[in-house]
Amino acid sequence: MTEKQPFYITTPIYYPSGKLHIGSAYTTVACDVLARYKRLMGYDVFYLTGLDEHGQKIQQKAEEAGITPQKYVDGMAEEVKELWELLDISYDQFIRTTDDYHEKVVADVFERLLSQDDIYLGEYSGWYSVSDEEFFTESQLEEVFRDESGKVIGGIAPSGHEVEWVSEESYFLRLGKYADRLVEFFHAHPDFIQPDGRMNEIIKNFIEPGLEDLAVSRTSFTWGVKVPSNPKHVVYVWIDALLNYATALGYGQDDHANFDKFWNGTVFHMVGKDILRFHSIYWPIMLMMLDLKLPERLIAHGWFVMKDGKMSKSKGNVVYPEMLVERFGLDPLRYYLMRSLPVGSDGTFTPEDYVGRINYELANDLGNLLNRTVAMINKYFEGEVPVYVENVTNFDADLAAVVADSLAQYHKQMNAVDYPRALEAVWNIISRTNKYIDETAPWVLAKDDTKIDDLAAVMAHLVASLRVVAHLIQPFMMTTSNAIMEQLGLGADFDLENLDLAGLPTGIKVVTKGTPIFPRLDMDEEIAYIKEQMESGKPAIKKEWKPEEVELILNRKEIKFDDFDKLEIRVAEVKEVSKVEGSDKLLQFRLDAGDTEDRQILSGIAKFYPNEQELVGRKVQIVANLKPRKMMGRISQGMILSAEHGDQLTLLSVDPSVPNGSLIG
């Protein structure tokens, strides 16, 4: 028997700049499922999750809230830990990059790489997004803004956030020095990055064009690990954040027993596809620089999106796990997340699909099978489960064959981290067992005294099949799994290594009356509830561009009247409108808002009004007291309010009889 290697699994460490939605919940539950599965398969498992707490955006968020960065991240850390407790995440350690031991190792590693010339001092000039904590080349920008001479003066990152030009002294990581060695590793380990195809994307898009050295320090903010030999520099977030996977185990510390044990076992990282580049290029190269073993597997999963695109508070389509757990329980959420995101692609969340899976797959298929089984054993055998005997009825062998094949598929797909197919294998057993009831017709057998052995065999097969199902879903739905075992009188011992129908214990007794584990839901009522909860998180005011002066007010779920009163919303008449040369998104407006002079506002709504001249003469609503902002080399003196509905956007109009400059509120 092959010795099982210690198994180390990690989530990305999440950036606590806002409330986590079901996307982050997916990654954390997915890792939890694998950790639980490996434990049930006899592996020694260490499961790590945590928070990435440094950086300019955190410093800005704290300043907006009027508190210190440490107090801000302390509060966010408690919220995230409470969420993981709600989702029953079985992590072994929760790391925070503000932990003393981590900060010390980061500083030490930086100095080591500096001393061995893998880090050097230079100057960085380029486009930087504060929201993304990331630098971009001009070619990587989704859109660039140019002035009248054609010079690039700004742009939009792929995330949709605005970038600014940054020029400052910076330390650089010599990535190019290790590019060939990294490609050699990729070719020697073709399964390192999953799903299939993502490794080729990394090589083609980032390595073949030439791997540029990476800026790894900043001097424009202070919230982070300072470079010991040059403390005006703060270690850039990706060196700081990526090292967490090693420091959490004790790397670079006196007590490094866990590092010695688990890093020399199987190292398994799971991340969202948006941060694959950092984990497939920067992290392996850093490990090479430190003479450490590279991970065995890197999974980069897709996203949960909505029918109208990515989740967005402004669209009113963000789904938070707390709401779903409070309304429907934990297990339906864990099941839905793991069943509904295809490997290698995105999945679409809809309230209809969520409620439908609960009713049809959990309540009808699984819940009804358990209810019928418990009821029949009580009716025909006074609750005593008969001894399992093979091949009594003509249908026993086929049921056993389906279970055996499904077990093999389940383990194959679990090791491939293909949860939808693993659960499909479980539901093959459930479906075949429901069919087995119809084939054997126990209610008919019960009427014939000569068929008592057949009836007993059928009842034993039903319990044996449900026992197998309960074991297989234990990593996914712990409460449901335990409830099935309890109702069947089987206790709470689970073993996925030696599982088959014939392993049914003898002398067991089902509960006198089973309780439905998934009561059927009113589809219309529950769908409406989810939609209402999603909409309730939508900000009261939607704007295209977010001046820092009002960002905090507009992003709060609830605001005081005094906060709202800070916004001066006026009626303004569109006098002229034109496209902005060099931009596909911006329109330039001249408006009469009751001022002594007309004001100019730029708004990124061009795609919604291809015939922009239809807006001339319309009376709209504007936020008039915003600090003027330069965009594309032009001054924008306010914000035009609009409403989003689906993938459409409409400017908010006012009755033509209302005078220009009238206050709204």
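This is a predicted model: local features need pLDDT of at least 70, side-chain atom pairs count only at pLDDT 80 or more; totals for chains, interfaces and linings use all residues.

Let's start with the overall layout.

| Domain | Residues |
|---|---|
| domain 1 | 6-96 + 241-310 |
| domain 2 | 107-218 |
| domain 3 | 363-488 |
| domain 4 | 561-664 |

Notice that domain 1 is written as two stretches, 6-96 and 241-310. If you go by C-alpha atoms, the centres of domain 2 and domain 3 sit 53 Å apart.

Next, a stretch with a label. An unreviewed UniProt entry lists residues 14-24 as "short sequence motif: 'HIGH' region". In the model, that span is 27% helix and 0% strand, and 8 Å separate its end C-alpha atoms.

Now for a single residue. His102 belongs to helix α4, which covers residues 100-115. Is His102 buried or exposed? Its relative accessibility is 0%, so His102 counts as buried.

Finally, a pair of helices. Helix α12 (residues 330-340) and helix α13 (residues 351-381) have axes that come within 10 Å and cross at roughly 100°. That angle is why α12 counts as roughly perpendicular to α13. On the α12 side, the contact involves Pro332, Leu333, Tyr335, Tyr336, Arg339 and Ser340. From α13 come Asp353, Tyr354, Arg357, Ile358, Glu361 and Leu362. Sorted by class, this contact has 7 nonpolar, 1 polar and 4 charged residues.

Key: Residues are numbered from 1 along each chain as its sequence is written. Side-chain values use heavy atoms; hydrogens and water are left out. Domain bounds come from an automatic or database domain assignment. Helices (H or I, at least four residues) and strands (E, at least two) are DSSP runs, numbered from the N terminus. Buried means under 20% relative accessible area, exposed over 50%, partly exposed in between (1.4 Å probe, protein chains only). Axes are lines fitted to C-alpha atoms, for helices over the stretch in contact, and angles run from 0 to 180 degrees between N-to-C directions. Angles under 35 degrees count as roughly parallel, over 145 as roughly antiparallel, 65 to 115 as roughly perpendicular and the rest as oblique. Contact means heavy atoms within 4.5 Å. Ala, Val, Leu, Ile, Met, Phe, Trp, Tyr, Cys and Pro count as nonpolar, Asp, Glu, Lys and Arg as charged, and the others, Gly among them, as polar. UniProt positions are given in the numbering used here, feature names are shortened, and annotations may be inferred rather than shown by experiment.
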